[in-house]
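Here is a short report on selected local features of one model.

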Amino acid sequence: MSESLHVVCPACDAVNRVPRQRLGADAKCGKCHGPLFLGQPLALDEARFARHLSRSDLPLLVDFWAPWCGPCRMMAPAFEAAAGRLEPNLRLVKINTEEAQALGARFGIRSIPTLALFRGGAEVARTAGAMDTNGIVAWARQAL
């Protein structure tokens, strides 16, 4: 019997059981039938972040950012490109600290952009400052 992972749908937030070997094989949501992996970061609010953090077996790479932050806007295309390279082994998400201030406070975000890596619902690594795509990918892989 193959190992299955719980993967939260990026569209409807339903929790899906997906065999590990099928993660990259056009996995679809059992509820909305949309793709489970989009190759781009998800913009999440506090409630959706809590669901992805607590119910998914995939590590989450979170970009804490704000729209007024120049380095955040400069890093956005690199973070999006990193999603295409890191999925389906990680889920990349963006948290707007202006809209989700409670999350920023909860995780002690003092500067942006800040990347935080979560595994099993707990933070395992963090780095602050803008990075290029290769830097994001290398940091995430090393931190796992």
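## A lysine and its partner

The side chain of K94 makes a polar contact with the side chain of D63, at 2.7 Å. A polar contact is a pair of N or O atoms within 3.5 Å; within protein, one must be able to donate a hydrogen and the other to accept it, and residues adjacent in sequence count only if both atoms are side-chain atoms. This is a predicted model: local features need pLDDT of at least 70, side-chain atom pairs count only at pLDDT 80 or more, and totals for chains, interfaces and linings use all residues. Residues are numbered from 1 along each chain as its sequence is written, and side-chain values use heavy atoms, with hydrogens and water left out.

K94 sits in strand 5, residues 91-96. Helices (H or I, at least four residues) and strands (E, at least two) are DSSP runs, numbered from the N terminus. K94 is buried, at 15% relative accessible area. Buried means under 20% relative accessible area, exposed over 50%, partly exposed in between (1.4 Å probe, protein chains only). Beyond its neighbours within four places in sequence, K94 is in contact (heavy atoms within 4.5 Å) with residues including P41, L44, D63, W65 and F79.

## Aromatic pairs

The whole structure holds four aromatic pairs. Rings of Phe, Tyr and Trp (its six-membered ring) pair if their centres lie within 6.5 Å; planes under 30 degrees apart count as stacked, over 60 as edge-to-face and the rest as tilted. One of the pairs is F49 with F107, edge-to-face at 5.9 Å centre to centre and 85° between the planes. F49 lies in helix 1 (residues 46-55) and F107 in the loop between helix 3 (101-106) and strand 6 (114-119), so this pair ties together parts that are 58 residues apart in sequence. F49 is buried at 0% relative accessible area. F107 is buried too, at 14%.

F107 also pairs with F118: the ring centres are 5.1 Å apart and the planes at 70°, so this pair is edge-to-face. F118 is in strand 6, and the pair ties together parts eleven residues apart in sequence. F118 is buried, with a relative accessible area of 2%. Ring pairs link F49, F64, F107 and F118 into a cluster.

## Helix packing

Helix 2 (residues 70-86) packs against helix 4 (residues 133-143) at an angle of about 50°, with the axes 8 Å apart. Axes are lines fitted to C-alpha atoms, for helices over the stretch in contact, and angles run from 0 to 180 degrees between N-to-C directions. The two helices are therefore oblique to each other. Angles under 35 degrees count as roughly parallel, over 145 as roughly antiparallel, 65 to 115 as roughly perpendicular and the rest as oblique.

Which residues meet at this packing of helix 2 and helix 4? Among them are M75, F79 and R85 in helix 2, and I136, V137 and R141 in helix 4.

## Backbone geometry

The peptide bond from E87 to P88 is cis, with omega near 10°. P88 is in the loop between helix 2 and strand 5. The bond from I112 to P113 is also cis, with omega near -5°. P113 belongs to the loop between helix 3 and strand 6.

D13 is not glycine, yet its phi is positive, near 65°. Its place is the loop between strand 1 (4-8) and strand 2 (15-19). D13 is buried at 12% relative accessible area. H33 likewise has a positive phi near 65°. H33 lies in the loop between strand 2 and strand 3 (42-43). Is H33 buried or exposed? H33 counts as exposed, at 58% relative accessibility.
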